[in-house]
Amino acid sequence: MVAHSIGIIAIQAGVGSRVIGTQPAEARNALSAIEETSRDTLSGLRRMLGALRRAEPVPGTSGASDGDAAPRDPAPGLADLDRLAAATRDAGVRVEVTRLGESRPLPSDIDLSAFRIVQEAVTNVVRHAGTDRCRVTIDQRDGELAVEIVDDGRGHGTTSIGYGLVGMRERVGLLHGDLTAGPRPEGGFRVAARLPVPATAAAR
């Protein structure tokens, strides 16, 4: 999450510095994107720190009470893809989001992980693909959520995307799903994840 945000901030800062003298409106847009991305990242870090504090009570106490915890913003999920697409568009890449199947509420861990997979894959497109567009498909099937991110860029290899692919595999593995990622024969790069959805959640 932090790596994604810093990448977007770096891109926006570069845009702002290049156009501040000639296109002040574009520079303001870049600064607004930096502000929003920074706030989102800070909220995510606060959630993580709050969870760590609750998991490790201070010695000599019974742990922090609910009243001691700072208010937390809700964790992001697939409902936030439009906001992610807007931020990515400001960074120079247009994200086309397609939703298939019947939209149903998802368990929070699956919803968050699916969003983070899309976020990381889109970040890799921005940083490595050398293209101005990518496609995201969300398919809610019976007992399964399928996520696919495809671009038509230069087919960035797995060696160029750092820990992003490792993080995606870890998220999918924790949820007993599977993930494939690699260059496409016709050009570009594809990331696809399948996450099982518990029957109780799928039946809602």
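In which strand is D151 found? D151 is found in strand β3, which covers residues 144-151. Keep in mind that this is a predicted model, where local features need pLDDT of at least 70 and side-chain atom pairs count only at pLDDT 80 or more, while totals for chains, interfaces and linings use all residues. Residues are numbered from 1 along each chain as its sequence is written, and side-chain values use heavy atoms, with hydrogens and water left out.

**The overall plan**

- The protein has six helices and five strands; helices (H or I, at least four residues) and strands (E, at least two) are DSSP runs, numbered from the N terminus.
- Of the 204 residues, 41% count as buried; buried means under 20% relative accessible area, exposed means over 50%, and partly exposed is in between (1.4 Å probe, protein chains only).
- A contact means heavy atoms within 4.5 Å.
- Among the contacts with a separation of 6 or more, 69% come from residues 24 or more positions apart.

**Helix α4 on its own**

- Helix α4 takes in residues 108-129, and 17 of its 22 residues are buried, so this helix is mostly covered.
- At 1.5 Å a residue, the 22 residues of α4 should span 32 Å, and its end C-alpha atoms are 30 Å apart, which agrees; the expected span of a helix is 1.5 Å times one less than its number of residues.
- Just after α4 comes G130, which takes a positive phi of about 65°.

**How α4 packs with α3**

- Two packed helices are described by the angle between their axes and the distance between the axes.
- The axes of α3 (residues 81-90) and α4 come within 11 Å and cross at roughly 15°; axes are lines fitted to C-alpha atoms, for helices over the stretch in contact, and angles run from 0 to 180 degrees between N-to-C directions.
- That makes α3 roughly parallel to α4; angles under 35 degrees count as roughly parallel, over 145 as roughly antiparallel, 65 to 115 as roughly perpendicular and the rest as oblique.
- The crossing of α3 with α4 is right-handed; a crossing is left-handed if the near helix is turned anticlockwise from the far one by less than a right angle, and right-handed if clockwise.
- On the α3 side, L81, L84 and T88 meet F115, V118, Q119, V122 and V126 of α4.
- The residues of this contact divide into six nonpolar, two polar and no charged; Ala, Val, Leu, Ile, Met, Phe, Trp, Tyr, Cys and Pro count as nonpolar, Asp, Glu, Lys and Arg as charged, and the others, Gly among them, as polar.

**How α4 packs with α5**

- The axes of α4 and α5 (residues 164-174) come within 10 Å and cross at roughly 165°.
- These two helices are therefore roughly antiparallel to each other.
- The crossing of α4 and α5 is left-handed.
- In α4, the residues S113, R116, I117, E120, A121 and N124 meet G164, M168, R171 and V172 in α5.
- By class, this contact of α4 with α5 has four nonpolar, three polar and three charged residues.

- D151 is buried, with a relative accessible area of 2%, and its C-alpha atom is separated by 9.8 Å from that of A121, 30 residues apart along the chain.
- T37 sits in helix α2 (residues 24-55) and is buried at a relative accessible area of 10%.
- Not counting residues up to four places away in sequence, T37 touches S5, I8 and I9.
- V93 is in the loop between α3 and β1 (94-101), and counts as buried at 4% relative accessibility.
- Not counting residues up to four places away in sequence, V93 touches several residues, including T88, V125 and V126.
- T137 lies in strand β2 (residues 133-141); T137 and V97 are 40 residues apart in sequence and 5.9 Å apart in space, C-alpha to C-alpha.
- H176 lies in the loop between α5 and β4 (178-183) and is exposed, with a relative accessible area of 70%.
- Phi of H176 is near 65°, a positive value in a residue other than glycine.
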